[in-house]
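Subject: Structure handover

Hello,

Here is the structure I promised to pass on. Please look it over first, then read the notes below it.

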Amino acid sequence: MENDILTIDGTTYPVNIVSLTETSDFQDKYSEQTENFDLKRELGGIFFNYELQLGEIQNQTTALALYEKLHEFTEFHTVTLPHNDGLQTFQAYITGVGRPLKSRINETNKWGGYTITFTAKSPQITS
Amino acid sequence: MARTHVEVLQRVADADAKAEASISMSNVLSYSDYDKLRDDEYSSDDIPTCELNNFLLDGNTDIPDYLSTANFGVWSNSLTDENGDFITNPVLTLTTSGSYSTAGFTVTFWGDTWPKQTVTTWYNGTTVLGTSTDTCTGFTHFIDNAVNGFNKITIEFVGTDTPYRRIKICEIDYGEIFSWTDNDIVSANVLEEVNLTSEELTINTLDLTIHDASASFNMLNPSGVYEYLQQKQQFRVQGYVDGSIIPMGFYYLDTWENSSAVIAKFSAYSIIGVMDTVTYQTSSMWSSATVSTIVASIMAVAGVTRYSIDSGIASQTLSGYIPICTCREALHYVCFAARASCISKRDGSIKIIRLPSSETEIKIEKSQKMGDQSIKQNTLVNSVAVTAYAFTQSTDESDLYSEDSLDAGTYNITFDNPSVISGISRGTLLSSGINFAKVQLTSSGSLKIYGYEYNSSTTIYTVEASGLTDSKRSQATIDSIYLISKSNAQSVAQFIYDDYQRRIVQDFEIAVTSEKIGDNVDVDTMLNYRKSGTITSLDMDLTGGFLAKCEVR
């Protein structure tokens, strides 16, 4: 996959994307069945959330910069990620960052690629 | 499914200052009505004028028949020139007898323009406490300047944003108006209730939680507005269903708290709750007074002007009196004695009506009912005993009040029994009624108040199921409502008895569109029989699609 598709707060990180899953989360104001089992609901908004799996980052400068960005003590980020035929930029928060430790040799840690979950701050589709 | 959202306008403003302010403006149009500026609900009529390009000649604008009865706010007499400048800028002057402290001042304009700028000066007497020059950008203009201890404000309106225009003001507020929308509201719940017999006068409530990114409502923020929050400040709640506005009522601030730096929670109550904070002691000993007369005396004390009484109830007559109590309790006594219910309407007014009304039933089908449902039966009451009172003034003068030692000062002395004052031993009787005497003493010493007490006699009127034995009797007793006399006791007893026979209570959830408390409904019940009733409670989640827990009895 192209390595220019992860942009956080205006900075594009040259990383390899192993996989990217966009999930549409439909959130309701309410959702209740009536007495005759007909579902009544009012849709509040549709959120696009993302789970990315990155490849190993060989460039240490990029690896450090991304680590610091992903662990920045801030509530929200502006992220640009693929959507439909292009990209979309939206406010999101990081709800999870994971990476496996692949080896520790001569007191040097070697980490695998990140798994990152971005959750949209607000719905991208509303009434 | 309907699309819903909610908006709340919060007035962090001093209503007392607005109520008592003496208002004047230089260069003012004679049709202007200063009192309209105090009215939170006032909106000017769409009055066409000969100002340049004021309205299209397409037949859509009506010319009022009588300008003198049209709703003007306050207009300047002269117009601005081609540059939007006045020869002499109008100056609005507001003077109060008390001193006030506010976070700023809001002027709401009307028409199609607003001033270019305002120049505001705050005074205490002749001492200038602060000045502020502000550029106007819209119809609602907040002058952001916190000033403490002022009793006079002057606001100079500099020009108009559009040339050849008058300044048109429709409202003023001693403070700021906050508008909360879906972006800021974390939760908003409204509880509306009505008691079918006025056994209790219910208070509707609003619980509002907002996310205030600016931390204006952070109690410890030195530049916040918490300092200026006061009880009884107004919230106006508006719902929207598929784009159409549904007024959801007016509420008045009761309590507030922070749960984080940017989360503020407000609890507010309806106008009946405001009435519960005002003491009513000026009852007369009425003899066949109309309900409208008695209610008017209570509303005058409570400061409530927006109310209506169904004509059949308004002309009913009552005899007796109301002891010292809150205005809410006083209204409860009248409504109970008049067999009426009291509804806090969503337009902010109070409606006194007999329920169930004769209005057509609204059908609620199984396809509308959601959530947990229940049908329960209230406890059986098969007998109602109502105490009727008759009052006669004693012919023997007695000491209504006696105190050996009182310091100089003004005293509000209340009586346990209604009485007619005939005299006082010394001092000045400032005001009095059957419940109280307000006496001013210029020196210390004893005080006696003389007069004639009313003696009361009682008669109990009973309505009950036929053939009851003592062991089967389950009786409700009603006493201490001194507006129940022999002329209405029987009808009150029958009314209460009939109400107790409506024992079936249904609870379910519906998504509210136009339903409101007091509505007659015909419900397709979960037990497969239809059952009519009156909506007595709606507990609405305004951020959750207006889903409401509904009680029907």
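A polar contact here is a pair of N or O atoms within 3.5 Å; within protein, one must be able to donate a hydrogen and the other to accept it, and residues adjacent in sequence count only if both atoms are side-chain atoms. Six residue pairs are in polar contact between chain B and chain A, both residues at pLDDT 80 or more.

This is a predicted model: local features need pLDDT of at least 70, side-chain atom pairs count only at pLDDT 80 or more, and totals for chains, interfaces and linings use all residues. Residues are numbered from 1 along each chain as its sequence is written, chains are lettered from A and ligands numbered from 1 in the order written, and side-chain values use heavy atoms, leaving out hydrogens and water.

The interface

Two salt bridges link chain B and chain A (a side-chain nitrogen of Lys or Arg within 4 Å of a carboxyl oxygen of Asp or Glu). K366(B) and E35(A) form a salt bridge through their side chains, at 3.9 Å, N to O. Contact (heavy atoms within 4.5 Å) involves 22 residues of chain B and twelve of chain A.

The cysteines

No disulfides turn up in any chain (cysteine sulfur atoms within 2.5 Å). For C325(B), the nearest cysteine sulfur belongs to C327(B), 7.5 Å away. C325(B) is buried, at 8% relative accessible area (buried means under 20%, exposed over 50%, partly exposed in between, with a 1.4 Å probe and protein chains only). For C550(B), the nearest is that of C342(B), 20 Å away. C550(B) is buried too, at 1%.

Best wishes
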